[in-house]
Amino acid sequence: MGRIIVISGPSGSGKTTICWRLLEMFPELAYSVSTTTRKKRNNEKEGIDYYFVDKVEFKGMIGNNEFIEWEEVHGDLYGTLYRDIEKKRNEKAGILMDIDPKGGINIKRLYPDSVLIFLSVPSIETLIERLSKRRTEDGFDIGKRVERAKEEFELSKNYDFIVENNDIDITLKKVSNIIKENMF
Ligand code: 5GP
């Protein structure tokens, strides 16, 4: 059975880049494709980055118990599908999830051998600076993201590993070492 690796971290911590680089490094890892009600960004693909649905559909899926866990993040709903995870756990040595810390804590409760890794930033000021540069989305609200980041830092106390992302290559080395030591 594949072991679950959860990567969490505030918006601006670089976790999407880290996740895609990890998937290139470890072909034995499958990516957990979440379902979301958020609008698709230009560079995203249906079924690769997310399954994009509307709120009515998402709520129907909650009613049908299709999610292992789901959360509201920045006003949109995000959830991990049972069928996606169970299939990938049978096929691959590991599953990589990019989900928020509340979701990560729920996953650990359900799959106690999962590994929770939190990507941190050196300071709130650094986070604000990175978010200002990345202001690409509609309704992008830096203040709200910073508030949420503070809550996420608090929850990261429950994580197995906290890695500060200052330099992408160094971070990638640290995270890949954690994966090697804990998965194979
Ligand atoms: P974004 O909209 O930037 O892709 O993601 C926003 C946040 O939602 C990120 O913190 C991401 O990790 C989280 N997220 C994505 N998918 C899921 C999921 O299935 N469950 C939970 N709990 N969080 C998710």
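This is a predicted model: local features need pLDDT of at least 70, side-chain atom pairs count only at pLDDT 80 or more; totals for chains, interfaces and linings use all residues.
Strand E6 covers residues 76-81 and runs antiparallel to E5, with six bridges joining the two. They belong to an open sheet of four strands, ordered E4-E3-E6-E5, and the pairing in it is mixed. Strand E4 (50-52) and strand E5 (67-73) are the edge strands, each pairing on one side only. From one strand to the next, the twist averages 25 degrees. As a reminder, strands of a sheet pair through backbone hydrogen bonds, and they can do so parallel or antiparallel.

Then there's helix H3, residues 82-91, which lies across E4, E5 and E6 and runs at about 35 degrees to E6.

Searching the whole structure turns up seven aromatic pairs.

| Pair | Geometry | Centre to centre | Angle between planes |
|---|---|---|---|
| Phe-58 and Phe-67 | stacked | 4.5 Å | 25 degrees |
| Phe-58 and Trp-70 | edge-to-face | 6.3 Å | 75 degrees |

The pair of Phe-58 and Trp-70 ties together distant parts of the chain: Phe-58 belongs to helix H2 (residues 55-63) and Trp-70 to strand E5, twelve residues apart.

How accessible are these rings? Phe-58 and Phe-67 are both buried. Phe-58 counts as buried because its relative accessibility is 0%, and the cut-off for that label is under 20%. Trp-70 has a relative accessible area of 37%, so it is classed as partly exposed.

Elsewhere, Tyr-50, Phe-52 and Tyr-78 come together as one aromatic cluster.

**Helix H1 and its buried side**

Now for helix H1, which spans residues 15-25. Its buried residues are Lys-15, Ile-18, Cys-19, Leu-22 and Leu-23. Why do they line one face of the helix? Looking down the axis of H1, the buried residues fall within an arc of 135 degrees, so one face carries them. The general rule behind such patterns is that an α-helix has 3.6 residues a turn, so residues three or four places apart point the same way.

What do the buried residues of H1 pack against? Their partners are strand E1 (3-8), strand E2 (29-31), strand E7 (94-98), strand E8 (115-120) and helix H7 (168-183).

Technical notes:
Residues are numbered from 1 along each chain as its sequence is written. Side-chain values use heavy atoms; hydrogens and water are left out. Two strands pair if DSSP finds at least two bridges between them. Axes are lines fitted to C-alpha atoms, for helices over the stretch in contact, and angles run from 0 to 180 degrees between N-to-C directions. Contact means heavy atoms within 4.5 Å. Rings of Phe, Tyr and Trp (its six-membered ring) pair if their centres lie within 6.5 Å; planes under 30 degrees apart count as stacked, over 60 as edge-to-face and the rest as tilted. Buried means under 20% relative accessible area, exposed over 50%, partly exposed in between (1.4 Å probe, protein chains only). The arc is that of the directions from the helix axis to the C-beta atoms.
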